[in-house]
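User: Hi! Could you take me through how the labels used for this model are decided?

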Amino acid sequence: MFKNEQFPLNNDFHQLSVDSTIEELSSYLHKGQAVFVAIGSEACLFIPEDLGFINICSNDLNIKTYLDGNKRFISPILSYDETDFFDALLLHLPLSSNRPLLFKDAEGTIKGYSNLSSLLQFSIKEQQRWSSYFSTLSESVTDAVTVIDQNGTVICWNTVAEEIYDLPQADILGRGIEDLFDTENLMVLKILDEGRMIRNTYHRPRPDTHVLINASPIRNAQGQIIGGIAAEQDITQLVRLNDQLTTSHTFELHPKANAEDLFSLIKGKGPAIGKVVQWAKKVAVTETPVLLIGETGVGKEQFAQIIHNASPRSNQPFLTIHCGIVPAGFLETELFGFQGGAFTGSDTGQAGKLEQAKGGTLLINEIDRLPMDLQAKLYHYMNQQTIVRTGGSTPIAVRTRIIAASTQDLATKVDNREFRSDLYYALNVISIRIPPLSERIEDIPAMLQMYLKQYSLFYQKPVPMISPEVILALTQYNWPGNLQELRNVVERFVIISDDEMITLDHLPPSLQEQLPRFGYPETDSLLPNDKILKSKMTKREEIDLIEEALKKTAGNKSAAAQLLGISRGTLYNKMKDYQLE
């Protein structure tokens, strides 16, 4: 996974045969050059520092004869493997020699040499480099990182761990982890004994702390366990919210008929859906057209129904027409009806949806699929409040409220001349964008409990509990199918579960495939640039942004600090100053 720096070998040496004389050897050493001599399967590297020993010998003596009586000059020969340099060094480095080390390649050719002092200096620098890498990595992640050695002594405790456990580094580094935590609740100690990895496992290290833990034993080059590392994601806020919702009163399928109860059907208190509900409440009591924009499955039809039920027209009909389902040739008849004799022998004909919903509300879904000629006719109705049936000539006064819905950006379609501008501006008095479920992560636990109770009642089964791992998995999924997909997943839970607890095994394959990729959303969930903390903001603005960031990250302070563009310490201090604990 990681690449070591390449050890710089010294390859500036001259090679002599064993028959060369001491005089020849000395001449090279006097020039400051190292000399390599091969002696069978052994080798010797003379360096200029050896001159003091060699000068006392006869210059006519050959090197072989000299080495026969001076074996201490024999140099160790080690294999040079760029990928496993330190592992090979530890395995084969002789402890009794102080001679320069020779290194050979796979073919046995001498590649170069190194003094022990150079090797020690390189090793220290490499250790410092890796220490810097690991320190930066442990402080960059949004999980609590704990590392212990083989004795259970804590050797790493990052800032996130300090925040989650309210335990400063100074109070835990160098101490046995069992001194500060209940041994029975320490996953990182268990991996020392069992030697197995732990992945995405719910853990409760303290009664008031819930985490999702990934832990692994640390092994040396020989495969021996020398420690353990654990990364813990704080899910305490999610678990508490789920517990609160689970123990709350049962969802009423038929709430009292008042506006507040009607809008409470739209589960969620996050800022994204909160603004939508606020606008919908205001527009419900008016007669103006409404344009709902949102992805497939976000609940546009539910919003339209609630707006109608909360309006003065609630006792009148609420009808829907899907422009993407009805064949284009029948859309005109569906909307405007037909006059007697136009298609059949009937004298009276048949009213269209606009006329059938008279005094009430008509939801025109996928209005972007409405043909251009019918767009013109619909605009005429909105402008004149009268219709003319297909095949007829008599205007009929109709006061039906129009709520239009689309998955498309109609303004772009107007620019591309794919949608009539007059109809667009007539509809766009109040335009409400319904956010996708991926922007409402904080609302998922509430919706989950609502659907669980509904489907449990429908299938006559007890309402199951949801494990913290499943809550986290659901909040990390991007939900391309939005509310419809969430409902399907919950219905699956209720149908296939025979236990009191929903676990990861009950998740559909599409979610299980994403389990190893737990984590908070990246760039697409970050706060926009105008919502990053800046020096000239008022106290109220800062508080609002901090609260929004904490909601987006389910209370994870480290992730919230990243969203806000500030350090964890700065966020912690601001929360203390503003009493946001």
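Analyst: Gladly! Buried stands for under 20% relative accessible area, exposed for over 50%, and partly exposed for what lies in between (1.4 Å probe, protein chains only). This is a predicted model, where local features need pLDDT of at least 70, side-chain atom pairs count only at pLDDT 80 or more, and totals for chains, interfaces and linings use all residues. Residues are numbered from 1 along each chain as its sequence is written, and side-chain values use heavy atoms, with hydrogens and water left out.

User: Why does Glu-287 count as partly exposed?

Analyst: Its relative accessibility is 42%, and that value lies between the 20% and 50% limits, so Glu-287 is partly exposed.

User: And what makes Arg-313 buried?

Analyst: Arg-313 has 9% relative accessibility, so it counts as buried.

User: Why is the contact of Glu-287 with Arg-313 called a salt bridge?

Analyst: The term needs a side-chain nitrogen of Lys or Arg within 4 Å of a carboxyl oxygen of Asp or Glu. Here the closest N and O atoms are 2.3 Å apart, so the pair qualifies. The two residues are 26 residues apart, with Glu-287 in the loop between helix H10 (271–284) and strand E12 (290–293), and Arg-313 in the loop between helix H11 (300–309) and strand E13 (318–322). Helices (H or I, at least four residues) and strands (E, at least two) are DSSP runs, numbered from the N terminus.

User: How do you know that Arg-440 and Asp-443 form a salt bridge?

Analyst: Their closest N and O atoms are 3.2 Å apart, so they meet the definition. Arg-440 and Asp-443 are both buried.
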